[in-house]
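Please keep the sequence and the model at hand while reading.

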Amino acid sequence: MKKFIGIVLAVFLLLLGAVIAWSTIKFHSFSFSDAEIAQDEKSLGYYLDSYERSRDAFRKSSDDIAKKFKNAKRLTLAVPSNIYDGLTVDVLYIPQDKGRKRLLVLSSGVHGVEGFVGSAIQRMFIDDFITADLLDSMGVLIIHGMNPFGFKHHRRVTENNIDLNRNCDTDEALYATKNGGYSEVYSLINPKGPVDTSAFGNRFFHIKAISNIIKASMRTLRQAILQGQYEYPEGVYFGGKQAEAQVKLVSKELGRILRQYPLVLNIDLHTGYGERGVLHLFPNPIEDKNIKAKVENVFKGFSIDWGDTGSFYTTTGDFSTFLGKLISESTYLPMTFEYGTMNSNTTLGAIKSLHVTILENQGHHFGYASKADEVRVKSNFLEMYYPTSPSWRMKVMQDTRKVMKNALENFKSM
Ligand SMILES: [Zn+2]
């Protein structure tokens with residue numbers, strides 16, 4: 001009888017997931033339909049196909065704009081690696097023209113593979129938004145490719161399998177965080193052995209996942225998995241045992257720039273989570289009501305997902321919150337832009353996206369049963385964070401311009 005109820009529940013949840021997947025959740029005017037996208041070759045031109053090309057283009061854009069504004073400078077932070085030579089985090093800093101009142105920090109590639117889109121957005125921003133008028137009211141600090149290893153190697157994590165957006169804190173206590181929920185689903189999300197995509201467990205992954213959803217709720221499960229964990233270095237969403245080199249570098253090299261400004265807005269660029277083709281404003285929850293109101297004010301007219309709505313989650317050790325901890329004297333407004341790629345806000349989308357994540361991590365650690373398995377897993381993974389669809393790419397640029405334009409106007413008047 002118990003088994004029967006379980007099956008009925010599983011079928012029900014599967015159907016429910018399908019219904020949710022097909023229904024659209026509207027956020028402002030940003031739902032995605034190919035037909036509505038205006039053709040825009042200029043936007044497409046920003047998307048490049050390698051870490052090196054993206055970085056070279058960022059350096060060139062930075063050097064070009066630095067010729068126009070005499071106090072601008074480009075910094076190169078070398079990130080040590082046992083695998084690749086010459087990995088860097090690149091930074092463009094243009095101070096506010098007169099005085100030090102406001103600073104915008106636009107960061108990309110905290111999750112390496114998400115750097116393709118982040119880099120494209122940053123170069124568009126340099127071309128379209130950095131003007132003498134903007135610099136009258138704020139300084140601009142652009143951090144390119146926080147995780148260059150992952151960017152180059154098409155991984156979300158660093159060389160040490162660390163999710164940099166779970167690794168950032170000024171307090172070492174982060175690395176002792178226990179995530180009990182994660183341990184319970186450890187074996188589901190961290191299978192051992194070479195990846196065989198035709199294996200039974202992979203063909204019917206959604207059934208395994210759904211049986212876990214029956215035991216816990218979807219929200220509990222999503223939170224347990226995505227929050228971050230500090231115990232299993234080979235597992236997905238591992239936050240590390242100490243701060244990664246580039247986290248220390250940012251604190252050392254950029255902290256003194258950040259501290260000059262009493263008001264700082266960070267926009268950290270990410271892809272992969274949320275409704276496909278939709279720009280989600282998705283900061284980690286902010287407890288201070290005053291700060292939260294200020295963030296809402298900057299992005300007024302657009303809906304913000306505060307991590308307290310059903311389909312979102314909160315994390316520990318995220319980069320954006322960390323920047324704020326470096327400047328406790330200043331008013332700090334954190335924001336994350338998430339460009340959705342595969343409807344992971346729905347149950348079916350979340351299961352699919354989790355499966356892609358698991359297989360990529362498993363393949364990294366245990367290899368693949370065949371070359372075809374490797375190609376399939378790696379291309380699905382890249383597609384999840386860097387969609388090939390031109391409509392998706394144009395939509396992302398167009399929405400970003402719209403939100404940025406409004407947000408910067410609002411930020412200027414604060
Ligand atoms: Zn991300």
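Asp64 counts as partly exposed, with a relative accessibility of 33%, where buried means under 20% relative accessible area, exposed over 50% and partly exposed in between, computed with a 1.4 Å probe on protein chains only. Lys60, by contrast, is exposed at a relative accessible area of 52%. The two side chains meet in a salt bridge with an N to O distance of 2.9 Å, the term being used for a side-chain nitrogen of Lys or Arg within 4 Å of a carboxyl oxygen of Asp or Glu. Both residues belong to helix H3, which covers residues 51-68, and they sit four residues apart, about one turn of the helix; helices here are DSSP runs of H or I with at least four residues, strands are runs of E with at least two, and the numbering goes from the N terminus.

The model is a predicted one, in which local features need pLDDT of at least 70 and side-chain atom pairs count only at pLDDT 80 or more, whereas totals for chains, interfaces and linings use all residues. Residues are numbered from 1 along each chain as its sequence is written, and side-chain values use heavy atoms, with hydrogens and water left out.

By the salt-bridge rule the count comes to 22. One of these joins the side chains of Lys371 and Glu374 at 3.6 Å, N to O; because the two residues are three apart in helix H15 (residues 371-385), about one helical turn separates them. Lys371 is exposed, at 59% relative accessibility.

In helix H16 (residues 390-412), Asp399 and Lys395 are four residues apart and therefore separated by about one helical turn, and their side chains form a salt bridge of 2.5 Å, N to O. Asp399 and Lys395 are both buried. Elsewhere, salt bridges with shared partners link Asp40, Lys42, Asp128 and Arg401 into one network.

Turning to the metal, the zinc ion has as protein donors His111 (ND1), Glu114 (OE), Glu114 (OE) and His270 (ND1), at 2.0 to 2.6 Å, donors being N, O and S atoms within 2.8 Å of the metal (3.2 Å for Na, K and Ca); water is not among the atoms, so sites may look incomplete. Along the chain these donors follow the spacing H-x2-E-x155-H, and both His111 and Glu114 are buried. Why is the arrangement of the four donor atoms irregular? The angles that they subtend around the zinc ion run from 54 to 144°, whereas four donors count as tetrahedral if all angles lie between 85 and 135 degrees, four count as square planar and six as octahedral if opposite donors are over 155 degrees apart and all others between 65 and 115, and anything else is irregular.
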